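Subject: Structure for you to look at

Hello,

Here is the structure I said I would pass on. My notes on what turned up in it follow below.

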Amino acid sequence: MGRTGSIGLAVLMLVGVHSARAASLDHFVRMFDGSALHGQMASLDPNNGLVWDHPSSLEPLQFAFPSLGSIRFNPTQRWKGGRQSQCRFRFTNGDEVYGRIMGMDEQFIDMETWFGGALRADREKVQSIAFLQNGYRVLYEGPNTLNEWVLGKSPNGWGYQDGVLSVTDRGVIGRDMGIEDSASLAFDLSWEGTFQLTVTMHAETLDRYDYSKGAYVFFLSPQFVSFQRIQPGAGVMTLGQVRLTNLVNRTKARFDLRTHRDKSTFALLADDEVIGTWKDSRGFVAKGKGVSFSSQVSRSTFSISRLLVTEWDGLFESDFEVDEEKESDGLLLINRDQPIGVVKDIQDGKLNFNLRNRLDVKIPLERIKQIQLHQSQPSDETFEPDDVRVQISGGGSLSFALEKWSDSSIEGVSRTFGPVSFDPSSIRQVELNLEQHRLEQLAAQEDPEDVWDFEETD
């Protein structure tokens with residue numbers, strides 16, 4: 001081969017490598033100072049920091065570990081847990097994991113997870129266990145791209161970038177979520193100034209209001225929430241309103257809108273607090289499987305992210321507290337009873353419960369909605385420089401001291417589980433600089449007026 005042919009081949013090879021790298025800009029790193037960059041993560045560890053591949057760089061880029069804020073990964077990765085995930089485990093450090101409980105004794109809780117296999121947690125680190133009556137099923141997680149949404153006719157102010165749906169004007173955007181009998185629609189909402197967001201649940205028409213089809217509508221604003229029913233032939237009926245007195249002082253919140261067909265019940269949660277509940281006396285009138293978001297105000301600016309749609313069993317957890325002085329555990333049963341005592345163990349699908357130091361009873365797990373565990377030691381909420389928190393596909397999070405992150409595996413040490421190792425494809429995002437984030441959140445919470453204060457009207 002001549003010199004010209006060699007040069008041509010080399011150029012083609014370089015173009016091919018550059019094209020392959022350019023096609024892999026599906027990761028997104030945000031530095032702690034707010035700067036951001038698309039690309040592809042090659043590796044991550046505390047000693048060598050982040051090795052980042054970008055087509056505009058002749059060599060891989062390298063960033064120091066303390067300079068990193070978060071990394072978002074390939075949005076095409078999906079939940080693979082199935083309905084075998086029957087419990088939500090919440091931990092004293094703020095972590096949350098979905099899985100199946102295998103057993104419990106005085107020291108440990110054994111669980112099976114889809115992302116990490118069998119895990120054994122120190123019982124002292126487990127705050128509560130919620131039992132999901134129909135298992136855990138993810139219907140949608142995103143947003144991932146604008147192409148998976150249906151846009152209303154122009155003018156339409158909705159757009160998408162880096163995992164966020166945002167709007168700067170009026171417009172409607174919707175998607176078939178595959179909702180059938182029940183749904184929990186959770187999302188982060190951030191806004192500037194004021195906003196008016198209409199969320200239509202169980203919608204058949206996704207790109208506009210359609211009063212000829214049944215649906216349920218949540219109208220959200222900084223001042224109040226209105227819940228409405230659309231019924232063909234009967235028009236629009238307001239089923240309830242909730243006044244929000246302090247949302248006006250905030251610029252972000254996480255909302256959770258819930259519907260249940262068999263029980264004809266509906267609920268709104270904000271930052272995990274139940275703000276309002278309603279029941280449709282006419283039964284459930286909607287048949288659609290979709291959700292639409294509508295901006296109602298011109299020049300209104302807000303965004304939606306971390307959108308997760310799951311099934312809902314129609315039951316609420318309780319925020320009851322166990323008696324620390326008596327070192328008691330608490331149960332929430334399906335019939336709403338809340339016995340106090342000590343959880344001794346779980347074996348063969350039954351919980352062995354010592355009731356008020358008088359009587360041992362065995363309770364089938366299907367009768368239990370929630371276990372609230374007493375912790376004898378105060379929660380250690382501080383984080384070390386090597387600690388990271390991963391957001392698991394389909395919901396949940398796990399924090400640990402990172403040792404190594406490559407294309408094939410993630411390895412680290414958790415204060416709850418000890419050594420952990422799992423597949424990187426199960427992770428949607430990793431957060432770093434956790435201690436600094438924690439201190440900033442504490443500073444933001446020092447405002448005594450920045451709390452939920454609500455009242456419900458008929």
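The largest cavity has a volume of about 120 Å³. Please keep in mind that the model is predicted. A search for cavities of 30 Å³ or more gives 1 in the structure. Its lining is made up of 15 residues, and those nearest the centre are Thr200, Ala203, Thr205, Arg208 and Asp210. Strand 17 (197–203) and strand 24 (290–295) each contribute at least two lining residues, and strand 17 contributes the most, with 3. Sorted by class, the lining of the largest cavity has 6 polar, 5 nonpolar and 4 charged residues.

Next, the second largest pocket. Its space comes to about 330 Å³. It is lined by 18 residues, with Gln86, Cys87, Ile101, Phe131 and Leu365 closest to the centre. Two or more lining residues come from each of strand 7 (96–104) and strand 27 (340–347). Strand 7 gives the most, with 4 residues. The lining of this pocket splits into 8 nonpolar, 7 polar and 3 charged residues.

On the surface, Tyr209, Tyr211 and Val236 make up a nonpolar patch, and together they have about 290 Å² of accessible area. Tyr209 sits in the loop between strand 17 and strand 18 (215–220). Its relative accessibility is 34%, so Tyr209 counts as partly exposed.

Asp188 and Arg306 form another salt bridge, at 3.0 Å from N to O. Asp188 belongs to strand 16 and Arg306 to strand 25 (residues 301–310), so the pair connects parts of the chain 118 residues apart in sequence. Asp188 has a relative accessible area of 16% and is therefore buried, whereas Arg306, at 48%, counts as partly exposed.

In a further bridge, Arg250 pairs with Asp271, and the closest N and O atoms are 2.8 Å apart. This pair also links distant parts of the chain, 21 residues apart: Arg250 is in the loop between strand 20 (235–244) and strand 21, and Asp271 is in the loop between strand 22 and strand 23 (273–279). Arg250 is buried because its relative accessibility is 17%, and buried means under 20%. Asp271 has 27% and counts as partly exposed.

Regards

Terms used:
Residues are numbered from 1 along each chain as its sequence is written. This is a predicted model: local features need pLDDT of at least 70, side-chain atom pairs count only at pLDDT 80 or more; totals for chains, interfaces and linings use all residues. Side-chain values use heavy atoms; hydrogens and water are left out. On a 1 Å grid over the protein atoms alone, a cavity is a set of points where a 1.4 Å probe fits but cannot get out, and a pocket is an open set with protein on both sides within 12 Å along at least five of seven lines; lining residues have an atom within 4 Å of a point. Grid points are joined across faces, edges and corners, and a volume is the space filled by probe spheres set on the points. Ala, Val, Leu, Ile, Met, Phe, Trp, Tyr, Cys and Pro count as nonpolar, Asp, Glu, Lys and Arg as charged, and the others, Gly among them, as polar. Patches are made of residues with over 30% relative accessible area and no salt bridge: like charges are joined within 9 Å, nonpolar side chains (Val, Leu, Ile, Met, Phe, Trp, Tyr) within 5 Å. Accessible areas come from the Shrake-Rupley method with a 1.4 Å probe; for residues, only the protein chains shown count as cover. A salt bridge is a side-chain nitrogen of Lys or Arg within 4 Å of a carboxyl oxygen of Asp or Glu. Buried means under 20% relative accessible area, exposed over 50%, partly exposed in between (1.4 Å probe, protein chains only).
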